[in-house]
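Please find below a short note on the model under review.

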Amino acid sequence: ILPMMREIMPLPAVLVVDDEPLIRWSLSEGLTESGYAVRLATNAAEARAILAGAAGQPMVLLLDLRLPDVVDLSLLREVRTKWPDVPVVLMTAHGTPDDAKRALDLGAYRFVDKPFDVTEMVRLVGEAWTHRSQL
């Protein structure tokens, strides 16, 4: 995001929800270097707690499809219901075209296959936030 844009629209926090430490670390590094405040969760329960505690704060969610305590789209469905202003980018190493279609139908901004390029994910966070702000 251009420096001028930051003055107009402050950067949101980014919640990275993934059970793989390397994914959390690499996304956290890339996002932090780009000026984002990053929160990390390893499962759906931690993600729910962080989202509930951050109600009303600007946030983008990077969400793994398969977590230790959720292996379907139920967390995405819950986020869309309880926190409708939070853009969600869904990530997965085990997705199907049907998963992608259902995620987008449920309101995910993007469905991204792993492995992915961290720089591209940082760009997607900014794009998701800008898109949300224009709705």
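Predicted model: local features only at pLDDT ≥ 70, side-chain atom pairs only at ≥ 80, totals over all residues.

1. Five strands make up an open sheet, with the order E2-E1-E3-E4-E5 and parallel pairing. Its edges are formed by strand E2, residues 37-41, and strand E5, residues 110-113, each of which pairs on one side only. On average, and with direction ignored, neighbouring strands of the sheet are turned by 20° against each other.

2. The pairing of E1 with E2. Strand E1 covers residues 13-17 and runs parallel to E2, to which it is joined by five bridges. Within this pairing, Leu15 has Arg39 of E2 as its bridge partner.

3. Helices on the sheet. Helix H3, residues 44-53, lies across E1, E2 and strand E3 (59-64), and its direction is at about 140° to E2. Helix H5, residues 97-105, also packs on the sheet, where it touches strand E4 (88-92) and E5. The direction of H5 makes about 150° with that of E5.

4. The contact of H3 with H4. Two packed helices are described by the angle between their axes and the distance between the axes. Here the axes of H3 and H4 come within 11 Å and cross at roughly 10°. H3 is therefore roughly parallel to H4, since angles under 35 degrees count as such. On the H3 side the contact is made by Ala44, Ala47, Arg48 and Leu51, and on the H4 side by Leu75, Glu78 and Val79. Five of the contact residues are nonpolar and two are charged, with no polar residue among them.

5. The cavity. Rolling a probe the size of a water molecule over the atoms shows where empty space is left. How many cavities of 30 Å³ or more does a search of the whole structure find? There is one, and the largest cavity holds about 30 Å³ of space. Its lining consists of Leu63, Asp64, Leu65, Val70, Asp72, Leu73, Leu75, Leu76 and Leu90. E3 and helix H4 (74-82) are the elements that give two or more residues to this lining. By class, the lining of the cavity has seven nonpolar and two charged residues, and no polar ones.

6. The largest pocket contains about 180 Å³ of space. It is lined by 13 residues, of which Gly56, Gln57, Met59, Asp85 and Val86 are the closest to its centre. The lining of this pocket divides into nine nonpolar, two polar and two charged residues.

7. A cis peptide bond. Which form does the peptide bond from Lys114 to Pro115 take, cis or trans? The bond is cis, and its omega is near -5°. Pro115 is located in the loop between E5 and helix H6, the latter spanning residues 118-133.

Methods
Residues numbered from 1 in each chain as written. Heavy atoms only, no water. Pairing = 2+ DSSP bridges. Helix = DSSP H or I, 4+ residues; strand = E, 2+ residues; numbered from the N terminus. Axes fitted to C-alpha atoms, helices over the stretch in contact; angles between N-to-C directions. Contact = heavy atoms within 4.5 Å. 1 Å grid on protein atoms, 1.4 Å probe; cavity = no way out; pocket = protein on both sides within 12 Å on 5 of 7 lines; lining within 4 Å. Points joined across faces, edges and corners; volume = space filled by probe spheres on them. Nonpolar A, V, L, I, M, F, W, Y, C, P; charged D, E, K, R; others polar. Parallel < 35°, antiparallel > 145°, perpendicular 65-115°, else oblique.
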